[in-house]
Amino acid sequence: MLVDSHCHLDFPQLSDSIEQVVDLMQANGVGCALCIGVTLEDLPRVLALAEAWPLLLASVGVHPEATEVREPTVAELVELAGHPRVIAIGETGLDYYWHKDAPEWQRERFRTHIRAARQAQKPLVVHTREAAADTLRLMEEEGAGEAGGVMHCFTETWTVAEAALDQGFYISLSGIVTFKKALTVREVAQRVPLDRLLVETDSPYLAPVPYRGKTNQPGYVKQVAEEVARLRGLSYEALVDATTANFFRLFPSARSKVTQ
Ligand SMILES: [Zn+2]
Ligand SMILES: [Zn+2]
């Protein structure tokens, strides 16, 4: 089976058609999807999905873009991470694309998540955009490698990938890898060690070719995996087996929670 390591099924584009979303997952051999928390306010909706569907799991975090939301404390994140369907802390990280002034509160929020992940002993789901150097520096300063985690929807250079790999992190590729002009991402897809690679949709965004521009959904992680397999000269089955094994190695608590 294949795993979608990152999606947002509580967003309105998908939550209204969750039965069809799950149907397509099953039709495409996607046995598990990690539903990502982005605010504490919306977390109950994410948790409800993971409680209702055996193939859905959840993470707890406050997204670096989110403003005018409740700021989490370490203790709060650790407590929420104790929920039986939660396997990860995030998404968290830095995003200077949407916040050009590189605000200090983003770095403080990121540090809070890393500390929570270490305490809860749950891996991190890290988002980074136009902030690679600071992201890697904070990970290092806070000992993020001790919790481990994944750089999700990776769009940085191979040099950045190597630095994240050196800290013990995994690299997750989204549908961007199917875009012919995304040369950097396609290069990273070829170079990441096979035992450190994950695939995701980041749905409802970033639908892979041939669904580009449409609403994305976890079933389309199949098209992401097909393209990564092609780029690496691997069979689809080998790529599926490797990325799924990686997911359950990174998130060991997921295995007993997912039933098909
Ligand atoms: Zn993200
Ligand atoms: Zn996301």
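Visitor: Which residues does Asn246 touch, not counting residues up to four places away in sequence?
Guide: Asn246 touches Tyr170, Leu194, Asp195, Arg196, Leu197 and Leu198. Contact here means heavy atoms within 4.5 Å.

Visitor: Before we go on, what am I looking at, and what are the ground rules?
Guide: This is a predicted model, so local features need pLDDT of at least 70 and side-chain atom pairs count only at pLDDT 80 or more, while totals for chains, interfaces and linings use all residues. Residues are numbered from 1 along each chain as its sequence is written, chains are lettered from A and ligands numbered from 1 in the order in which they are written, and side-chain values use heavy atoms, with hydrogens and water left out.

Visitor: Back to Asn246. Is Asn246 buried or exposed?
Guide: Asn246 counts as buried because its relative accessibility is 1%. The cut-offs: buried is under 20% relative accessible area, exposed is over 50%, and partly exposed is in between, with a 1.4 Å probe and protein chains only. Asn246 lies in helix 10, residues 236-250. Helices here are DSSP runs of H or I with at least four residues, strands are runs of E with at least two, and both are numbered from the N terminus.

Visitor: What does the side chain of Asn246 make a polar contact with?
Guide: The side chain of Arg249, at 3.0 Å. Also, a polar atom of the Asn246 side chain lies 2.9 Å from the backbone oxygen of Leu194. A polar contact is a pair of N or O atoms within 3.5 Å; within protein, one must be able to donate a hydrogen and the other to accept it, and residues adjacent in sequence count only if both atoms are side-chain atoms.

Visitor: Which strand gives the most to the lining?
Guide: Strand 5, with three residues. Strand 4 (86-95) and strand 5 (124-129) each supply at least two.

Visitor: Which other residue has a positive phi of about 55 degrees?
Guide: Glu68, also not a glycine. Glu68 sits in the loop between strand 3 (56-60) and helix 4 (74-81). Glu68 is exposed, at 84% relative accessible area. Most residues other than glycine have a negative phi, and most peptide bonds are trans.

Visitor: Then where are cis bonds?
Guide: One joins Ser203 and Pro204, with omega about 15 degrees. Pro204 lies in the loop between strand 8 (197-199) and helix 9. Another runs from Gly90 to Glu91, with omega near 15 degrees. Glu91 is in strand 4.

Visitor: And Thr128, buried or exposed?
Guide: Thr128 is buried, with a relative accessible area of 9%. Thr128 is in strand 5. Its side chain makes a polar contact with the side chain of Thr135, at 2.8 Å.

Visitor: Last one. How many residues has the largest nonpolar core?
Guide: The core has 69 residues; Leu9, Leu56, Ile171 and Leu173 have the most contacts inside it. Helix 9 (residues 221-232) gives the largest share, six residues. Apart from this core lies another of 17 residues, among them Cys32, Ile36, Val150 and Ala254. A nonpolar core is a set of buried Ala, Val, Leu, Ile, Met, Phe, Trp, Tyr and Cys residues joined through side-chain atoms within 4.5 Å.
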